[in-house]
Amino acid sequence: MSGGKIMASRVFTGGMDQDSDEHRIAPIDYRYALHIEGGHGSIVGAKRTVYGNRKINYTFPAGGDYQCVGGIEDKSNNSYIYFVRDNNDPDNGHILEYKEGTIRKLLNANIQGGFNDFIHSSAIVNDCLYWVDGQDYEDGTGAQGSDPKKICLPRFRANKVIRYELVLNEDCLLQNVQFRYSLYNVDGVLTQSPTLFQTNIADGQLHQIMLALFNNLDNAGFTIEDFPVNSADAPARRIVFYRGTDIRVKIEVTGGSGTPEIQLNELNFYPLPSDDHDVFSKQIRLIKPTPLFPPSVQYEKDTSIGVSNLAGKAFQFRYRYVFVDGEKSAWGPASRIPTNFGYLDDTDKPQVNSNDENFNKIAISIDDEYTQSPWTWMVRGIEVCFRTNRIDPWRLVGAYNVYDFYVNTIVIDFYNTGINSVIPSDDVGDSDIQALKNYDFVPRIAN
């Protein structure tokens, strides 16, 4: 009794029982609990009526004509995801997420053909969002869409520390090369103008430049997360660092007598909106890229080794990508068979170079756009294999991290030593037959 009124408290101390017969349900249990939610108030078992539809405000960029073209519930994250198209610019796609009364942007980028039509089908599997729009409808409308897409949702969610990986090329070691860093907010808006790092070392070696960058990042307020052993004999190949929650970083390199280049990869976030949208639209395709060209191969002589294990064999090589999510691409085309031919006279006819007939290694060179920036946040490694004739199985040369090499340069020395395991077949058929896929099978139409 309070103020002349009777106060009633409805406390649910039991649980929902939809399995037992109705006459066997315990007095404190109940069969249905429609339109109520728990966890409200301090009383154990307290319930309240769930909200109906509520308008949640969200401000889109000015000048667009926006339309929701699809949506899907993410039950594991207790959120709902919306696909929004700008009818004034059909390539401009927005993916938004509603959670706990707030709408946040997951993605806003020019995705070529991204939302040309209403989203036909979508699914969330293991925190990955898959979708396809109206590609080749069978209802006679002639609507055209785009290739199936896939994004890893945790990578696209903000409110986290954004981690970076920095890798250099050889020209970064030259005199008068300068590094500058700038900071951005999570949407790519500049918050700190380019600031100079003091790393100018005359004719520096890699371990000296890496140490100077380490010290400058540390002095500028960055946290170094990973810096491998760094010495003249074993220089560090990369630095992994971060600045803070939702703080994005860009590093520029200029000067010197060469062409200095860096790779700066966001390890747990998607590329800045200011980056190449055409490339980004390809990076989120469900159909992963496959090497288009074979590696270059050439006999060479390693004077530190007195024997050769290459004689009497005709080697071929091929490689495939290893992606950030652990998936692997199809294998690329096979290389030509290397020879010891050289052009020793003024003609174009190849002549056997007798001075180098004792070659003992093959240099495998890979010049591939997908192992260079801006793809290296996605293509994290490569696997290389070889065979010695057309009927032998392909065997593994090795698996390599892209960051273990200088930027834009992948050269692997092959000596044909050790035991090389046979590449497992991509086919589940006859175990005695090696069948390696040359491309992926991904349907472009969802039923």
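**Close-up 1. Surroundings of arginine 380 in the predicted model.** Once its neighbours within four places in sequence are set aside, arginine 380 is in contact with Glu165, Arg238, Asn265, Leu267, Val322, Phe323, Val324, Tyr400, Asn401, Val402 and Tyr403. The structure shown here, as in every view that follows, is a predicted model. Arginine 380 is found in strand β22, which covers residues 379–387, and because its relative accessibility is 17%, under the 20% limit, arginine 380 counts as buried. Among its contacts, glutamate 165 is joined to arginine 380 by a polar contact between the two side chains, at 2.7 Å.

**Close-up 2. The open sheet that contains β22.** Three strands, in the order β18-β22-β23, make up an open sheet with antiparallel pairing. Its edge strands are β18 (316–323) and β23 (395–401), each of which pairs on one side only, and the twist from one strand to the next averages 20°. Between β18 and β22 the antiparallel pairing extends over eight bridges; within this pairing, phenylalanine 323 has valine 379 in β22 as its bridge partner.

**Close-up 3. Glutamate 97 and its side-chain partners.** Glutamate 97 has its place in strand β5, residues 89–99, and because its relative accessibility is 8%, glutamate 97 counts as buried. Two polar contacts of its side chain can be followed in this view: one with the side chain of serine 79, at 2.7 Å, and another with the side chain of arginine 157, at 2.8 Å. Leucine 107, ten residues from glutamate 97 in sequence, has its C-alpha 9.5 Å from the C-alpha of glutamate 97.

**Close-up 4. The open sheet of β7, β8 and β9.** The strand order in this open sheet of three strands is β7-β8-β9, and the pairing is antiparallel. Strands β7 (121–125) and β9 (149–152) lie at the edges, each pairing on one side only, while the twist averages 15° from one strand to the next. Five bridges join β7 to β8 (residues 128–132), and these two strands run antiparallel; across this pairing, serine 122 stands opposite tryptophan 131 in β8.

Close-up 5. In the pair shown, the ring centres of phenylalanine 222 and phenylalanine 241 are 5.5 Å apart and the ring planes stand at 90°, so the arrangement is edge-to-face. This pair links distant parts of the chain, 19 residues apart, with phenylalanine 222 in the loop between α2 (206–219) and β13 (223–226) and phenylalanine 241 in strand β14, residues 239–245. Phenylalanine 222 and phenylalanine 241 are both buried, and together with Tyr164, Tyr181 and Phe197 they form one aromatic cluster.

**Close-up 6. Arginine side chains placed over aromatic rings.** The charged end of arginine 237 sits over the ring of tyrosine 406, at 4.6 Å from the ring centre. In a further example, the charged end of arginine 318 sits over the ring of tryptophan 394, at 5.0 Å from the centre of that ring.

Notes: Residues are numbered from 1 along each chain as its sequence is written. This is a predicted model: local features need pLDDT of at least 70, side-chain atom pairs count only at pLDDT 80 or more; totals for chains, interfaces and linings use all residues. Side-chain values use heavy atoms; hydrogens and water are left out. Two strands pair if DSSP finds at least two bridges between them. Helices (H or I, at least four residues) and strands (E, at least two) are DSSP runs, numbered from the N terminus. Axes are lines fitted to C-alpha atoms, for helices over the stretch in contact, and angles run from 0 to 180 degrees between N-to-C directions. Buried means under 20% relative accessible area, exposed over 50%, partly exposed in between (1.4 Å probe, protein chains only). A polar contact is a pair of N or O atoms within 3.5 Å; within protein, one must be able to donate a hydrogen and the other to accept it, and residues adjacent in sequence count only if both atoms are side-chain atoms. Rings of Phe, Tyr and Trp (its six-membered ring) pair if their centres lie within 6.5 Å; planes under 30 degrees apart count as stacked, over 60 as edge-to-face and the rest as tilted. A charge sits over a ring if NZ of Lys or CZ of Arg is within 6 Å of the ring centre and within 35 degrees of the ring normal. Contact means heavy atoms within 4.5 Å.
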